[in-house]
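Subject: Handover of a structure and its description

Dear colleague,

Please find the sequence and structure below.

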Amino acid sequence: MNLPLRLRRPDGWTVTALAAAALVAVPIAAILSESVKPSGEVLGHLASTMMVRLVLNTLALAGGVAVLTTIIGVSLAWLTAVCEFPGRRVLSWLLLLPMAMPAYVLAFTFLGLMDFSGPIYRLLQAAGLPAPADPRSVWGMILVMSLCLYPYVYLMARSAFLSMGIRSMEAARSLGLSPVKAFFSVALPMARPWIAGGVMLVVMEVLADFGAVSIFNYDTFTTAIYKAWFGFFSLSAAAKLSGILSVFALTALLTEQRVRSKMRFTAMGRDQRDSDRFVLSGAWKVTAVVYAIFILAAAFLLPVGQLLVWCVSSFASEFDKGYLADLRNTLLLGALGAALVCSAALVLSYAARLHKRGPVRHLVRISTLGYALPGTVLAVGVVIPSAGFDNILASIAGFLGLPLAPAIQGTVPVMLAAYMVRFLAVGFNPVDSAMHRVTRSIDETARTLGSRGLGLLRRIYVPLLRGGIMTAGILVLVDVMKEMPITLMTRPFGVDTLAVKIFELTSEGEWHRAALPAVTLVLTGLIPVALLTRFSEMSLSRRKADE
Amino acid sequence: MNSVLDVKTLEVGYGNGPVVKDLSLNLSRGAIGCLLGPSGCGKTTVLRTIAGFERASGGKISLHGKSVDHNGTYIPAEKRRTGMVFQDYALFPHLTVRENVSFGMRNLPARTRTERVRTLLDKVGLGKLGDSYPHELSGGQQQRVALARALAPQPEILLLDEPFSNLDVTLRESLVHEVRSIIKGTGATALLVTHNQSEAFAMADEIGVMSAGRLLQWGPARDLYHRPACREVAEFIGKGTFLECEALDDSRVRTSLGVIEGAPVHPIKRGERGMVLIRPEDIVHDDHSPFKTVVTDRIYRGPNILYFLRLDSGEEVLSLVPSHHDHPEGGKLGIRVELEELVVFVKNRSQETGVRRQEEAAKTAVA
């Protein structure tokens with residue numbers, strides 16, 4: 001085929017895409033080069049005492065959460081997508097609310113609820129029942145993480161069931177299978193790529209988690225990296241641990257991308273109608289409602305209630321200048337991160353549009369890989385090269401007899417670079433899907449009608465991309481605001497955010513005082529959840545309009 | 001000269017050989033032309049080259065006598081004043097119907113613009129939907145908005161790329177007719193690209209059949225059907241079969257259905273052997289005919305029945321018979337041939353493109 005004209009014009013997009021890809025590649029390269037250096041004493045010590053435990057702990061947690069989120073996510077998805085019971089409509093989006101909860105917030109609230117002085121303990125005591133087991137165990141950790149992360153599996157499985165659940169079940173039953181058999185032999189296997197995709201996202205989140213595991217004192221790679229660096233002051237040991245953790249994370253990422261390529265919706269006749277649902281009755285109906293409400297209560301209502309109670313009791317002493325300064329820092333970093341990510345996403349997406357083939361495509365792919373890397377790994381990855389840069393600068397300064405001071409390590413730009421690597425994919429996807437709405441024929445129609453250059457940009461691109469860029473900005477803003485490990489490990493001295501505050505307060509067991517910043521973060525976390533439900537409803541109504 | 005579009009020996013494509021080769025066509029003012037061919041034959045590339053989205057690697061394109069793509073000269077798409085209707089309509093989703101239609105008329109004064117949008121929307125029957133957004137419209141309505149939008153700036157030529165392929169069959173038939181009268185009503189010159197014969201026949205004044213990047217024949221629908229320039233066109237357009245034949249003189253051939261006489265489309269000489277084209281309607285049901293055939297298959301089509309008939313020679317012909325002549329499969333049917341144009345492709349004659357052969361025929365006729 002003849003290439004469209006603009007593809008043959010030389011441009012600067014390749015260079016920009018290359019710069020973005022380099023930004024992702026540098027931290028990874030730094031960690032890799034540091035990992036292959038001969039191990040120092042600290043790592044020898046770590047290896048002998050901790051390595052086996054770290055691997056086992058990490059695998060147990062990831063495996064346990066994967067199993068539990070699958071059970072919770074798939075069952076809820078099936079109930080809300082295919083069955084009919086009272087409150088289904090409302091519950092189907094309420095069940096997304098736990099997405100607004102950072103795992104570390106749920107973790108400390110859970111500990112607070114189960115404490116000796118907590119409401120559950122007192123309730124059990126009043127009823128004359130034995131005290132609950134120590135919540136600080138691998139089981140407690142699995143439960144907390146699963147309640148926080150099941151929405152990933154729920155969302156993916158639900159969209160699979162909604163698009164092909166009922167039709168495939170009807171086909172299977174017309175061939176003589178019982179409903180239960182049809183579920184296990186047709187609907188579940190069909191949805192497997194979606195479920196697996198959701199579970200892999202969960203596993204990536206578990207591997208990346210730092211806040212919740214450190215609150216539970218549950219040692220995983222992320223906490224070990226933090227301790228190696230801030231406890232033993234060995235950046236090299238931290239880098240080696242990061243190297244191992246990135247292998248785990250990249251394995252999860254590759255698995256996720258492999259299953260993603262298998263997701264193909266098969267149109268199953270006409271669209272699903274509400275009247276096609278299985279209407280649950282009697283005991284089944286009650287069980288479904290109670291089950292859904294129980295999960296919602298455990299993952300969101302109860303912890304939020306507890307947070308609010310704490311928040312009210314500590315509000316007078318906590319709502320002060322310190323809180324406002326933290327809030328301002330949090331918002332400022334979030335806004336800067338969002339602006340940076342959105343600009344980069346826009347440039348990359350346009351570069352990918354201009355270059356349908358060739359190196360730019362690969363560069364774009366590499367630049368969006370950063371979301372698989374845990375924040376602790378990225379923090380180490382950006383600090384190594386910036387420390388190296390500072391050392392070179394220092395030796396030059398020393399040679400010239402100038403005063404010594406680190407120039408870039410521990411500055412906001414380095415922090416923002418780390419955020420960008422971590423969250424570029426979050427911002428890229430909405431921008432890129434908006435870019436795809438400007439189809440080649442829309443572009444070309446505008447040109448036959450006499451529009452070009454800036455006019456074309458103003459009249460077609462800007463209005464069509466606006467929604468996507470806004471969405472990207474909000475998602476990244478909220479993600480940066482909730483971010484804990486990168487902020488904690490790369491922030492300039494004295495700059496605190498809400499997440500850092502929560503880390504410091506909870507490491508001293510001060511649940512009450514952590515409630516105000518936690519509630520603030522949960523509230524901001526509700527914005528992307530609202531966006532998510534609005535968009536899924538919009539796509540539904542648009543599909544109806546197409547009929 | 002009243003020529004709006006003039007394409008001369010156009011060649012498009014690089015590298016792996018040209019996608020379009022040696023293509024010439026001409027459209028005069030107010031005419032609707034059509035490029036017809038299977039997918040991948042290069043017809044859309046021709047359209048996109050005329051619009052200015054692809055560049056010609058050889059030949060010349062002129063709009064209103066002005067060369068727009070020839071050697072070094074190349075006028076970009078946005079300055080060619082062509083109106084394009086895409087297969088997916090490409091309506092701007094963020095603009096209302098009215099805003100979509102007025103998009104290309106920015107340089108006109110506001111009042112003229114409003115007036116023109118109103119007239120056009122009335123003309124396409126969407127006068128009441130000016131404030132709707134594209135996603136609120138049905139497929140047929142979207143199609144008409146795309147048409148109005150392309151017509152609004154009064155383009156030199158209207159280009160339509162498979163404009164009906166996204167519509168369902170029942171809607172398609174009525175809309176094809178409607179679109180033709182809208183275009184005719186505005187006096188616009190148009191070039192359409194499609195793979196669907198009935199669309200081409202219903203829309204176009206002149207049709208070009210394309211295959212593998214070449215234009216095989218250019219002419220009115222009747223010529224393509226009754227005077228195909230080559231076997232490819234005869235096979236692509238309409239139904240029909242070929243019978244072995246031997247020429248008796250310049251207007252009669254002997255076949256297994258007896259001697260067939262007609263006005264020769266291509267010159268034949270006594271003794272030449274070849275294949276004669278038999279259309280289903282050329283076969284007339286006749287119980288008294290000495291030629292009896294066996295019904296091997298039949299398709300009931302309401303007003304008529306299409307019979308598949310086997311001759312004694314083993315050859316097969318099709319016959320379109322009014323449906324009250326009901327013959328079962330395996331039954332006998334007497335037939336005779338009745339045709340006006342005699343289309344014979346003589347064996348071993350060079351298989352050049354039809355256009356060239358027509359030219360040759362013209363030369364012979366002059367000589």
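How many bridges join strand 10 of chain B to strand 11 of chain B? There are 5 bridges between strand 10 (residues 206-211) and strand 11 (residues 214-219) of chain B, and these strands run antiparallel. Helices (H or I, at least four residues) and strands (E, at least two) are DSSP runs, numbered from the N terminus, and two strands pair if DSSP finds at least two bridges between them. Ile207(B) has Gly219(B) as its bridge partner in strand 11 of chain B. The hairpin of these strands has 2 residues between the strands, and Ala212(B) takes a positive phi near 45° there.

Before going further, please note the conventions. Residues are numbered from 1 along each chain as its sequence is written, while chains are lettered from A and ligands numbered from 1 in the order in which they are written. This is a predicted model, in which local features need pLDDT of at least 70, side-chain atom pairs count only at pLDDT 80 or more, and totals for chains, interfaces and linings use all residues.

Confidence

The predictor gives the complex an ipTM of 0.71 and a pTM of 0.75. For chain B, the average pLDDT (the predictor's confidence in each residue, from 0 to 100) is 88, and 94% of the residues score at least 70. Over residues 351-367 of chain B, pLDDT stays under 50, and the model has 19 contacts beyond four places in sequence for them. Where pLDDT is low, the predicted coordinates should not be read in detail.

Chain A and its domains

Chain A has 21 helices and 2 strands. Of its 547 residues, 44% are buried; a residue is buried if 20 or more other C-beta atoms lie within 10 Å of its own, exposed if 12 or fewer, and partly exposed in between, with C-beta atoms placed from the backbone.

Chain A is divided into domain 1 (10-39 + 319-507) and domain 2 (43-313), with bounds that come from an automatic or database domain assignment. The C-alpha centres of these domains of chain A lie 28 Å apart. Between them, 24 residues of domain 1 are in contact with 28 residues of domain 2; two residues are in contact if their C-beta atoms, placed from the backbone, lie within 7 Å. On the side of domain 1 of chain A that touches domain 2 of chain A, helix 15 of chain A gives the most, with 7 residues. That side divides into 15 nonpolar, 6 polar and 3 charged residues. Here Ala, Val, Leu, Ile, Met, Phe, Trp, Tyr, Cys and Pro count as nonpolar, Asp, Glu, Lys and Arg as charged, and the others, Gly among them, as polar.

Individual residues

Is Pro374(A) buried or exposed? Pro374(A) is buried because 27 other C-beta atoms lie within 10 Å. Pro374(A) is found in the loop between helix 14 (359-367) and helix 15 (375-400) of chain A. Not counting residues up to four places away in sequence, Pro374(A) touches Leu207(A), Ala208(A), Thr222(A), Leu245(A) and Ala249(A).

Most residues other than glycine have a negative phi. Asn217(A), however, has a positive phi of about 55° although it is not a glycine. Asn217(A) lies in the loop between helix 9 (211-215) and helix 10 (221-230) of chain A, and is exposed, with 10 other C-beta atoms within 10 Å. Glu162(B), also not a glycine, has a positive phi near 45°. Glu162(B) is buried, with 20 other C-beta atoms within 10 Å.

The core and the contact between chains

The largest nonpolar core has 266 residues, of which Met145(A), Ala157(A), Val341(A) and Val276(B) touch the most other members. Such a core is a set of buried Ala, Val, Leu, Ile, Met, Phe, Trp, Tyr and Cys residues joined through C-beta atoms within 7 Å. Helix 7 (residues 138-174) of chain A provides the largest share of this core, 17 residues.

Finally, the contact between the chains takes 20 residues from chain A and 25 residues from chain B. Helix 17 of chain A gives the largest share of chain A's side, 6 residues.

Yours sincerely
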